[in-house]
Amino acid sequence: MQKMPLLSLCFSLAFSGAAWSVNMADVELADNLTLDGVEMPYRGAGIRSKFFMDLYVSSLYNQESLPATELMEGHTAATIQLDIISSMITSEKMTASMEDGFAQSAGKHLPQLKEQISQFTQAFSAPVSEGDTFQIVSIPGQPVELLKNGTKLVAVEGELFRSVLLGIWLGDTPLDDDLKEEMLGL
């Protein structure tokens with residue numbers, strides 16, 4: 001009986017006020033991100049795999065725990081972080097994968113977004129290496145930014161573009177249904 005209060009005290013001390021992180025595929029994911037002065041708590045993460053190969057850890061940070069559709073519409077700040085965990089990922093493969101994701105997410109809007117998609121995917125032309133981190137930052141009223149290892153590569157305007165881009169992972173036809181659920185913490 002006396003062990004229970006001691007165990008509770010140890011548990012509370014271990015988790016009170018201390019920052020925590022999640023480790024997934026040897027990638028440390030912080031409990032929150034602060035970008036452009038906006039704090040976004042961790043929501044969930046998963047591993048994007050293809051042909052039995054783990055490619056990257058995809059995590060979601062956002063201000064409010066809103067449904068995916070509201071995140072895609074830019075109702076709150078959100079960041080999708082991609083941590084590259086495979087040496088098989090190259091800039092060419094990353095660009096092709098993003099173009100496929102846009103085609104799947106955009107549907108009938110693809111021709112309308114051609115210029116914005118091109119602007120965004122060109123940002124992947126520099127070499128991509130295992131260990132690189134990409135962040136897609138969506139803050140209401142601002143263009144969507146793509147950062148690589150903390151450096152801004154591109155900022156693309158347009159609410160439809162925002163919705164389609166975030167829809168690659170969070171939309172009705174995401175790249176991976178299980179990954180979507182893991183990112184949303186479901």
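The model is predicted, so local features need pLDDT of at least 70 and side-chain atom pairs count only at pLDDT 80 or more, while totals for chains, interfaces and linings use all residues. Residues are numbered from 1 along each chain as its sequence is written, and side-chain values use heavy atoms, without hydrogens and water.

Seven strands form an open sheet in the order 3-4-5-6-7-8-9, with antiparallel pairing. Strands (E, at least two residues) and helices (H or I, at least four) are DSSP runs, numbered from the N terminus. Two strands pair if DSSP finds at least two bridges between them. Strand 3 (32–35) and strand 9 (151–156) stand at the edges. Each has a single partner strand, so one side of each lacks a neighbour in the sheet. The twist averages 25 degrees from one strand to the next. Axes are lines fitted to C-alpha atoms, for helices over the stretch in contact, and angles run from 0 to 180 degrees between N-to-C directions.

Strand 6 (residues 78–84) and strand 7 (residues 133–138) run antiparallel and are joined by six bridges. I80 has I136 of strand 7 as its bridge partner. Two helices pack on the sheet, where contact means heavy atoms within 4.5 Å. Helix 4 (residues 114–121) touches strand 7, strand 8 (144–148) and strand 9. The direction of helix 4 makes about 175 degrees with that of strand 9. Helix 5 (residues 159–170) touches strand 5 (53–62), strand 6, strand 7, strand 8 and strand 9. The direction of helix 5 makes about 130 degrees with that of strand 7.

Helix 3 covers residues 91–106. S91, M94, T95, M98, G101, F102 and A106 are buried (under 20% relative accessible area; exposed is over 50%, partly exposed in between; 1.4 Å probe, protein chains only). These buried residues fall within an arc of 125 degrees, taken from the directions from the helix axis to the C-beta atoms, so they line one face of helix 3. They pack against strand 6, helix 4, strand 7 and helix 5. On the other side of helix 3, E92 and D100 are exposed.

Most residues other than glycine have a negative phi. A25 has a positive phi of about 55 degrees, and that of D26 is near 65 degrees. A25 is partly exposed, at 36% relative accessible area, whereas D26 is exposed, at 73%.

Note on methods: The expected span of a helix is 1.5 Å times one less than its number of residues.
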